[in-house]
Amino acid sequence: MIMRKKSLALAVVGASIAAAGVVTANAQSDGEQNAETPYQNLVEMGYPAPQEGQLVHVPPTMADLEDADLHPELKKVIRRGYDLFTNTQQLRGKNVFNDMNCSSCHLGEGRQPFSAPVWPAAITLPNFRGKNQHVNNLEERIAGCFAYSMNGTPPEYGSDDMLALSAYHRWLAKGAPVYPDQPIYGRGFPPPDRPEALSYARGETVYQEQCAICHQEDGSGHYEDGEYVFPALWGDGSNNWGAGIVRTHTAAGFIKNNMPLGQPLSLSDQEAWDVAYYMTRQERPQDPRYDGSVDDMLEKFGPTFHKHSSYGDVREHDDHRLADHANWGEKGEEVIPWNVGVPRFEDLED
Amino acid sequence: MSKRIIGGLGLLLGAGLYTGSVLAVGPGDPDRGQTAAATCTACHQADGSGKNVPGGESWPRLAGLDAGYIEKQLHDFQAGRRQNATMMPFANMLNDQQIVDVAAYYSQMEVTSAGGGESASDALLNRGEQIANRGDWDKYIVSCKSCHGPGGKGVGSDFPGIASQHAGYIRTQLHAWKDGERSNDPQDLMGAIAKRMSDDDIEAVAAWYASQTVSAEGEE
């Protein structure tokens, strides 16, 4: 169909990458992947090609770790971090209170472009973060995903599990420049252009036709014999209302670039936004910043966060006011994420 | 999951595309299934183990496959959505009730061991394991495990168990999808992956799954 146009674009890419001079490739090419033009397979699938002046980094793999010139003890810790990242369910009931792994959203073990690869955090932090209005380091960024995306409470800063996770992030960043001046290729979940109108009903149709086979009609996902297979998109098994993916544009960006599993970029922009709209207008555990009033929450966090989500909206078809509840999901009332709302650097002079 | 399949069948029946018995179908009965499966044993064997046939057409293990999955495949053969000259005549011999019965019969059998992975090198098996459990994201090959479940033991009726399936059979199916000869999977979920796999990838993952055991017994 559009093959010809794409291969043409590729020729240009090869040239501009060479000119940009910020390519870092760590993964060993396995014969078929040409290391000179990283992510060529993705470009052929329809992902945007790396642009001149972008930082293009190919993170090393776990196979590369075996050959790396690192202390054997460090290798062990990185392996532990990888294991925690891809099987975070081992912390269920301790730090994780939903059905997710980190790799449920960060596909391809946190290495994949357009699936919020996690290594950029290791080279751009510490930095100011709009979500909590102060300077965060890597551990605090990881802790954020525990409190919201995993509906849990993070391992302590400096603990073995936290150290292992941050070591894995840093390993993936191997060779990439710290505090880069260039924008990073494939960072985050870049949303497609927002269509004029979004439709809940159309989103529901897309959902039932393209997503329900795995995530189930009620969005609860699927465990087979007690083992993780398909994560929950809403309900108690999913992320809470404070997670980044409840923002409609973030959900649309995730879905367009990553779902249905194995068929990225197959939905039209309209379909991706509609199904994102449908999905983010379902109930899920309360935002841990909630203090008893949805209106207070909107006042406090509307400007920085919830203006992008459906938090506090009244659903058209059933008059249900979203997030107007004190259901914390599996963590109940006892487990309170210790990192949420902790102020930092309050005494610094301007 | 099986609700959707039945719904789909209802549509077909309504449209008159399907010419078999239109009598109401009762729940599957393994005993009746055993009788109906008398002709099947020539290839799929009495214990449902099938056979890996090097250089020829392998017969898939049916023992322990999900009943809903077996039913769908038999209906797909009948309707021509799945093509295979050897198998199609036997699918056509069955009426709707017999399909449900043989599915019940094979699904409750113990998973048997598989052939075709015995002489695989360690390097091949390691590559196979990588594709099966972690995938190869640089080629956008999603891990098999993410759909076929932990250990490749299958998920519901839509994602069949592939662990301890014959290497020859896994290989031909993946090639069939890659070449566009099998396309009865929902939403092209399997086809999209198979088309990104090289012959070596297919060889490796087929050998690895064939050498996995699912139940306590069934050691090679």
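Contact here means heavy atoms within 4.5 Å, and helices (H or I, at least four residues) and strands (E, at least two) are DSSP runs numbered from the N terminus. The structure is a predicted model, in which local features need pLDDT of at least 70 and side-chain atom pairs count only at pLDDT 80 or more, while totals for chains, interfaces and linings use all residues. Residues are numbered from 1 along each chain as its sequence is written, chains are lettered from A and ligands numbered from 1 in the order in which they are written, and side-chain values use heavy atoms, with hydrogens and water left out.

In chain A, helix 6 (residues 138-147) has eight of its 10 residues buried, so the helix is largely enclosed by the rest of the structure; buried means under 20% relative accessible area, exposed over 50%, and partly exposed in between, with a 1.4 Å probe and protein chains only. Among these buried residues are Leu138(A), Ile142(A) and Phe146(A), as well as Glu139(A) and Glu140(A). The buried residues of helix 6 of chain A pack against helix 5 (119-124), strand 4 (134-136) and helix 7 (160-172) of chain A.

Helix 10 of chain A is also mostly covered, with 10 of its 11 residues buried, and its buried residues pack against helix 11 of chain A. Helix 10 (residues 248-258) and helix 11 (residues 269-280) of chain A pack at an angle of about 125 degrees, with their axes 8 Å apart. That angle makes helix 10 of chain A oblique to helix 11 of chain A. Axes are lines fitted to C-alpha atoms, for helices over the stretch in contact, and angles run from 0 to 180 degrees between N-to-C directions; those under 35 degrees count as roughly parallel, over 145 as roughly antiparallel, 65 to 115 as roughly perpendicular and the rest as oblique.

Turning to chain B, the UniProt annotation "domain: Cytochrome c" (unreviewed entry) covers residues 28-110 and 123-213. UniProt also places the feature "binding site" (unreviewed entry) at Cys144(B), Cys147(B), His148(B) and Met190(B). These residues span 47 residues in sequence, yet no two of their C-alpha atoms are more than 10.3 Å apart, so they gather at one spot. Cys147(B) is found in helix 8 (residues 145-148) of chain B and counts as buried at 17% relative accessibility; not counting residues up to four places away in sequence, Cys147(B) touches Phe230(A), Leu261(A), Val155(B) and Phe159(B). His148(B), which lies in helix 8 of chain B, is buried with a relative accessible area of 10%. Leaving aside neighbours within four places in sequence, the contacts of His148(B) include Pro160(B), Ile162(B) and Met190(B).

Methods: UniProt positions are given in the numbering used here, feature names are shortened, and annotations may be inferred rather than shown by experiment.
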